[in-house]
Amino acid sequence: MQSNESELLIGGLPAAELADRFGSPLYVYDGNRIQAQYRRLNAAFAHFPHRLLYAIKANANLNLIRLLLAEGAGLDVVSAPELQLALRAGARPEQILFTPNGVGFDEYEEAIKAGVCINIDNLATLEHFGATCGSRIPVCIRFNPHIYAGGHSHIQTGHIDSKFGISIHQLRHVQRIVEAHDLNVEGLHMHTGSDILDAEIFLKGADVLFEAARSFRPLRYIDFGSGFKVAYREGDTVTDVEDLGRRLGQRLAAFAAETGSQPEIWFEPGKFLVSEAGWLIARVNVVKQTVASTFLCLNTGQNHLIRPMFYDAYHRVVACRPARPETKRLYTVVGYICETDTLASDRQLPETMAGDYLAIANAGAYGFSMASNYNCRLRPAEVLVLDGQAHLIRRAETLDQLLANQVELEALKPTQSAS
Ligand SMILES: Cc1ncc(COP(=O)(O)O)c(C=O)c1O
């Protein structure tokens, strides 16, 4: 966070002024912070051939995608619409990896037609792909390495009960399908979850995939997914990506020496690139004193940022321009949705009045992209601050847009009562 002591700055601009200018609630992203995160990760793996594919599910605004494409990123997409968005953003097909799970083959056909890298996460689809495409189209195979990792249980994907990937114990079955259809396996893939602090977890996964790689012809790439942990609380530690880069480089060198092949190493960061760059700025509608707490009721809620409710995620809350920063009080910060949408409990914040702005941190990833229209609330505008300039990159939604796809049946329309 940047601050000039009395107010929150985002990319050098006062958050409260951005909210005054563009309205609230408002998502604001610090573009230079996104670039810095990309450059840090890229440098951590610079000593071996690698590729960073931005997982656009984290935040699919075209401008953020383009900012990362300009840095040299590829893109990880998980659905046909995300694929279309990636192409619309300007990515070349070969820069895109299609990593859906549990989708119909029609979505794969769309991706095959588009010429992007195909990642398959179940045996039935792999077999169908083999029968349909044979060796004509290269393919990547997503394994589940059965490694328990990640923060909240909803974001752990490598365990035995997870729906994701093909169990590593089914490697022999995969080989049978590959041989039967002469599949051109160009990559192996895993993603064990999100919020993984310990580099050792990634290395364990690397060991599993390097071992599996010996069962295939030389691979073009091995993709270790993502899950790098970012800082949520003040003083939080993050994944030591430089240490991971060093140790992974050693593993790769040993693999190359033994097998004579050196695949590229791919990662698919989402959170690491955009989480900390994003803030959700909201206005305090009401300060509500109850017998147990003081609630700050915001003009936003789980419709705009669901992570605290869905993942029990901790998001820092910062007063944008506190009138009396030294006078701290204990507050619980809640949304305006007809649910218990508590954004933050028992936080020490400067004394706050109705009309003040608060900013919720780590809102760049899985914030807007998971937003909904629940309670018929409209989604907010988004602003990108780049090199000290604020740019509107999404207008706030309108009621007409909310209603655009509703079909009103003539027979049920209210009639004008004759008086
Ligand atoms: C396949 C895959 N790749 C990459 C990511 C991005 O993970 P993160 O946001 O933790 O970096 C996800 C997140 O769910 C994922 O499912």
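I looked up burial: 43% of the 419 residues of the protein chain count as buried (20 or more other C-beta atoms within 10 Å of a residue's own, with C-beta atoms placed from the backbone). The model is predicted: local features need pLDDT of at least 70, side-chain atom pairs count only at pLDDT 80 or more, and totals for chains, interfaces and linings use all residues. Residues are numbered from 1 along each chain as its sequence is written.

I checked the overall dimensions next. The C-alpha atoms of the protein chain fill a box of roughly 70 × 65 × 40 Å along the principal axes.

I read the secondary structure as 12 helices and 21 strands (DSSP runs: H or I of at least four residues for helices, E of at least two for strands, numbered from the N terminus).

Then I turned to one helix pair. H3 (residues 62–71) and H4 (residues 80–89) pack at about 60 degrees, with their axes 9 Å apart (lines fitted to C-alpha atoms over the stretch in contact; angles run from 0 to 180 degrees between N-to-C directions).

I noted who touches whom. Leu62, Ile65, Arg66 and Leu69 in H3 meet Leu85, Ala86, Arg88 and Ala89 in H4 (C-beta atoms, placed from the backbone, within 7 Å).

Notes:
Two residues are in contact if their C-beta atoms, placed from the backbone, lie within 7 Å. A residue is buried if 20 or more other C-beta atoms lie within 10 Å of its own, exposed if 12 or fewer, and partly exposed in between; C-beta atoms are placed from the backbone.
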